Amino acid sequence: MASKPIFSASYRVYWSETDAACWMHFSNYFRVCERTEEEFLARLGFTQGSQPGKRLIMPRVSARCDYKSPLGPGDSYRVDITSIIIGRSSLTYEYEIYNETTNRLAAKCTIVTVAYDENLRGSVELPRELKEKLLAAGARLRDEVNDGIKATG
């Protein structure tokens with residue numbers, strides 16, 4: 001990790017989260033990324049506590065995880081949100097999961113979410129207030145990221 005993460009949260013692996021090999025089941029990596037996202041958004045003042053039709057819904061449209069080293073029962077680990085890229089209606093989160101027990105990188109994950117309107121049954125532009133708070137926390141706009149790639153590529 002080159003720079004300070006946007007947000008970090010620490011957890012412990014429970015036996016019930018592991019597979020037959022006593023490694024954290026691959027699906028749980030996505031769960032802890034989502035849990036970390038929820039903690040981060042709650043700190044910014046965004047929760048799912050609203051009434052249906054008025055809440056911010058962000059379904060996942062893409063998820064990828066590259067597994068580097070296992071997490072086992074009792075291991076302490078940290079989930080870092082290392083990057084958030086803001087699109088018109090989407091957020092792309094990049095995560096790094098560190099096994100703090102072994103001091104090894106356990107996984108790198110990327111999850112893309114889209115703002116969804118329950119009433120319209122489709123994607124909508126991200127709320128301005130959310131974009132502003134994300135930018136203040138260290139997120140970047142997709143256009144800026146793409147312009148940077150073009151300039152260096």
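Trainee: Does Ser 69 count as buried or exposed?

Mentor: This is a predicted model, in which local features need pLDDT of at least 70, side-chain atom pairs count only at pLDDT 80 or more, and totals for chains, interfaces and linings use all residues. Residues are numbered from 1 along each chain as its sequence is written, and side-chain values use heavy atoms, without hydrogens and water. Buried means under 20% relative accessible area, exposed over 50%, and partly exposed in between (1.4 Å probe, protein chains only). The relative accessibility of Ser 69 is 7%, so Ser 69 counts as buried.

Trainee: Which backbone oxygen does the side chain of Ser 69 reach?

Mentor: Contact means heavy atoms within 4.5 Å. Leaving aside neighbours within four places in sequence, Ser 69 is in contact with Tyr 29, Arg 104, Leu 105 and Ala 106. At 2.8 Å, its side chain reaches the backbone oxygen of Leu 105.

Trainee: What is the angle between the planes of Phe 7 and Phe 40?

Mentor: Rings of Phe, Tyr and Trp (its six-membered ring) pair if their centres lie within 6.5 Å; planes under 30 degrees apart count as stacked, over 60 as edge-to-face and the rest as tilted. The structure holds four aromatic pairs. Among them is the tilted pair of Phe 7 and Phe 40, with 5.5 Å centre to centre and a plane angle of 50°.

Trainee: How is the relative accessibility of Tyr 67 classed: buried, partly exposed or exposed?

Mentor: Tyr 29 has a relative accessible area of 3% and is buried. Tyr 67, at 39% relative accessibility, counts as partly exposed.

Methods
Polar contact = N/O pair within 3.5 Å; in protein donor to acceptor, adjacent residues only side chain to side chain.
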